[in-house]
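Hi,

Here is the structure I promised to send over. Have a look at it first, and my notes on the helix packing and the aromatic rings follow below.

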Amino acid sequence: MKYIYSIILSLLLTISYGQDQTTIMEKVEAAKIALITERLNLTPEQAEKFWPVYREFSQKQVELRQEFRQLRTSHDPKTASDAENKRMLEKGMQIKQRQLDLEKNYSERMQKVISTRQVMSLKKAEDDFRQMLIQRVKEQKSHQDQLRQKRMMNENNMQRKRNN
């Protein structure tokens, strides 16, 4: 288990701001697959059947989140009428219901491929991965800030030396 975590962390550590966005996303996806596969203890046979279903589920979740985000950003409740606000509220609830229906549907589909225990472990694995990723991004930002501060201090010192 520590081996898997070290692989995941090394993949996440290689992510840098200078890299191509596609490369970064591929590395993040590879780390996520490794973590979920390990946490769910998927057999090769299960993995072969599970990952296509999971990818399809994930893509549909992304689409619903984008739809919800677009709905929120295209509407200003301060300037909208009560009727418009009510319509937007109803649309938002419909999207959330579709998200719930999607989760139910794919939960049932996944249970045909993996055990109920593994399905239950999936959400925890996803949450843990998300937290690891957020932590890594925070650490990377902190590191970038420290480098920026050192550069500024060096530039200031060089400027003072030139002025003396």
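Phe-57 is buried, with a relative accessible area of 5%. Keep in mind that this is a predicted model. Tyr-106 is buried too, at a relative accessible area of 2%. The rings of Phe-57 and Tyr-106 make a tilted aromatic pair, with 5.3 Å from centre to centre and 35° between the planes. That pair links distant parts of the chain, since Phe-57 sits in helix H3 and Tyr-106 in helix H4, 49 residues apart.

Now for the two helices themselves. H3 covers residues 44-73 and H4 covers residues 82-111, and they pack at an angle of about 175° with their axes 10 Å apart. An angle over 145 degrees counts as roughly antiparallel, so that is how H3 and H4 run relative to each other. Residues making the contact include Phe-50, Val-53, Tyr-54, Phe-57 and Leu-64 on the H3 side, and Met-88, Ile-95, Leu-102 and Tyr-106 on the H4 side. Sorted by class, the contact has twelve nonpolar, three polar and nine charged residues.

Back to the rings: the count comes to four aromatic pairs. In one of them, Trp-51 and Tyr-54 have ring centres 5.3 Å apart and planes at 85°, so this pair is edge-to-face. Trp-51 and Tyr-54 are three residues apart in helix H3, which means about one helical turn separates them. Both Trp-51 and Tyr-54 are buried. Along with Phe-50, they form one aromatic cluster.

Cheers

Technical notes. Residues numbered from 1 in each chain as written. Predicted model: local features only at pLDDT ≥ 70, side-chain atom pairs only at ≥ 80, totals over all residues. Heavy atoms only, no water. Axes fitted to C-alpha atoms, helices over the stretch in contact; angles between N-to-C directions. Helix = DSSP H or I, 4+ residues; strand = E, 2+ residues; numbered from the N terminus. Parallel < 35°, antiparallel > 145°, perpendicular 65-115°, else oblique. Contact = heavy atoms within 4.5 Å. Nonpolar A, V, L, I, M, F, W, Y, C, P; charged D, E, K, R; others polar. Phe/Tyr/Trp six-rings, centres within 6.5 Å; stacked < 30°, edge-to-face > 60°. Buried < 20%, exposed > 50% of the residue type's maximum accessible area, 1.4 Å probe, protein only.
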